[in-house]
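Here is a walk through one protein model, from its salt bridges to its sheet and its domains. Please keep the sequence and the 3D view at hand while reading.

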Amino acid sequence: MKTILISEGDPTSINYELVVSAFPHLLALGKHHRIYLVRGPHNQNIPSLPNLTKPSNEPGFYSLTWTDSKKTRSFVLGKPSKTSGQMAYDSLLAAMDLQKELGADLITLPLSKEWVQKAGIKGFRGHTETLAEYYKRPTFMMMSGEKLNVIPLTTHVPLKDVVKELKKFSWKELTKALSRSQFLKNPKIAYLGLNPHAGEGGKIGEEEKTILAGGAQILRKAKFSVEGPLSADSAFLPGARAYDLYLAGYHDQGLIPFKLLEGKKGVNITLGLDFTRVSPDHGTAFDIAGKGIADPTGLISCLERLTENTKTNS
């Protein structure tokens with residue numbers, strides 16, 4: 001029986017609306033698995049959801065409340081604060097602690113990096129980086145959809161630091177992560193040129209030769225099929241999408257075309273872990289929180305990915 005943990009993210013966001021909208025899917029999956037919404041002590045809740053203080057041995061969909069005190073915080077939807085940022089971060093830590101204890105898979109609902117940082121969590125860069133620090137291993141963000149899989153080789157860093165980060169990138173660890181991935185089997189890989197027109201043979205930058213080509217060679221030595229560098233401005237055109245996985249030099253280079261082509265069905269998968277961690281490919285949407293218009297497609301896609309994973313392992 002699989003155990004699935006859902007970290008609540010920011011309690012003032014659309015996350016609780018997403019859970020309510022996806023309730024039928026969660027209940028259906030809960031017939032065969034244990035699913036826990038890991039939440040803090042606050043006023044946002046789902047009345048029909050059984051609330052536990054410790055994990056159950058029975059399949060079902062439950063709320064599992066961690067607490068650092070008997071005080072319940074009060075939040076207003078669409079009004080993030082330092083307190084909601086702290087709660088989101090603490091709920092993530094609680095979910096990771098439970099993951100270690102239960103050997104579970106993990107869905108992380110959106111939080112706000114801005115408000116987590118305002119809460120005093122210095123150096124917080126996002127879920128992927130926090131998972132890497134907590135589990136003490138390199139992690140890689142793969143955006144996965146119905147047609148595209150994209151890994152940005154650098155994630156939440158300023159554009160001015162991209163080349164510096166690429167020089168430190170561990171291609172050997174990426175090779176290990178791809179080899180262990182349950183979502184990609186013998187993928188045909190393409191890497192995007194960092195510079196316009198993939199550098200034009202060095203006329204518009206040397207990074208394709210001095211950094212990316214060496215990384216591609218490491219992947220090829222591990223028996224992966226790799227082509228590139230591709231000119232990023234045309235790599236995602238309909239007639240050109242012939243690869244199972246694209247490696248992008250920086251965040252927006254890969255994620256802008258991914259989000260345009262995959263829409264709300266995209267899922268963020270963390271490679272490099274011993275369990276499956278997925279997250280919807282959208283943010284907190286504070287501006288529409290509480291209006292009843294949040295689209296649960298991303299969360300449902302996460303559940304479908306975990307179901308596929310279950311079928312693969314059964």
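A salt bridge is taken here as a side-chain nitrogen of Lys or Arg within 4 Å of a carboxyl oxygen of Asp or Glu. By that rule the structure holds eleven salt bridges. The model is a predicted one, in which local features need pLDDT of at least 70 and side-chain atom pairs count only at pLDDT 80 or more, while totals for chains, interfaces and linings use all residues. Residues are numbered from 1 along each chain as its sequence is written, and side-chain values use heavy atoms, with hydrogens and water left out.

One of the salt bridges joins the side chains of Arg137 and Asp274, with 3.0 Å from N to O. Arg137 sits in the loop between helix 5 and strand 6 (140-144), and Asp274 in the loop between strand 11 and strand 12, so the pair ties together parts that are 137 residues apart in sequence. Helices (H or I, at least four residues) and strands (E, at least two) are DSSP runs, numbered from the N terminus.

The strands form an open sheet of twelve, in the order 3-4-2-1-5-12-11-6-7-10-8-9, with mixed pairing. Two strands count as paired if DSSP finds at least two bridges between them. Strand 3 (51-52) and strand 9 (225-230) are at the edges with a single partner strand each, so one side of each has no neighbour in the sheet. Strand 11 (residues 267-271) and strand 12 run antiparallel and are joined by three bridges; Ile269 has Val278 of strand 12 as its bridge partner.

Two backbone details come next. Gly228 and Pro229 are joined by a cis peptide bond, with omega about 5 degrees, and Pro229 belongs to strand 9. Glu200, in the loop between strand 8 (188-192) and helix 8 (207-221), has a positive phi, near 50 degrees, in a residue other than glycine.

How is the protein divided into domains? Domain 1 covers 1-137 + 273-313 and domain 2 covers 138-270, with bounds that come from an automatic or database domain assignment. Their centres, taken over C-alpha atoms, are 28 Å apart. The contact (heavy atoms within 4.5 Å) takes 22 residues from domain 1 and 22 residues from domain 2.

Between them the two domains bury about 2000 Å², 46% of it on carbon and sulfur atoms. Buried area is the accessible area (1.4 Å probe) that two parts lose on being put together, summed over both. Thr128, Asp281 and Arg305 supply 33% of the area that domain 1 buries against domain 2, more than any other three residues.

Two salt bridges are counted between domain 1 and domain 2. Lys264 also forms a salt bridge, with Asp295, where the closest N and O atoms are 3.3 Å apart. On the side of domain 1 that touches domain 2, the elements giving two or more residues are helix 5 (127-135), strand 12 (277-280) and helix 10 (297-313). Helix 10 gives the largest share of that side, seven residues.
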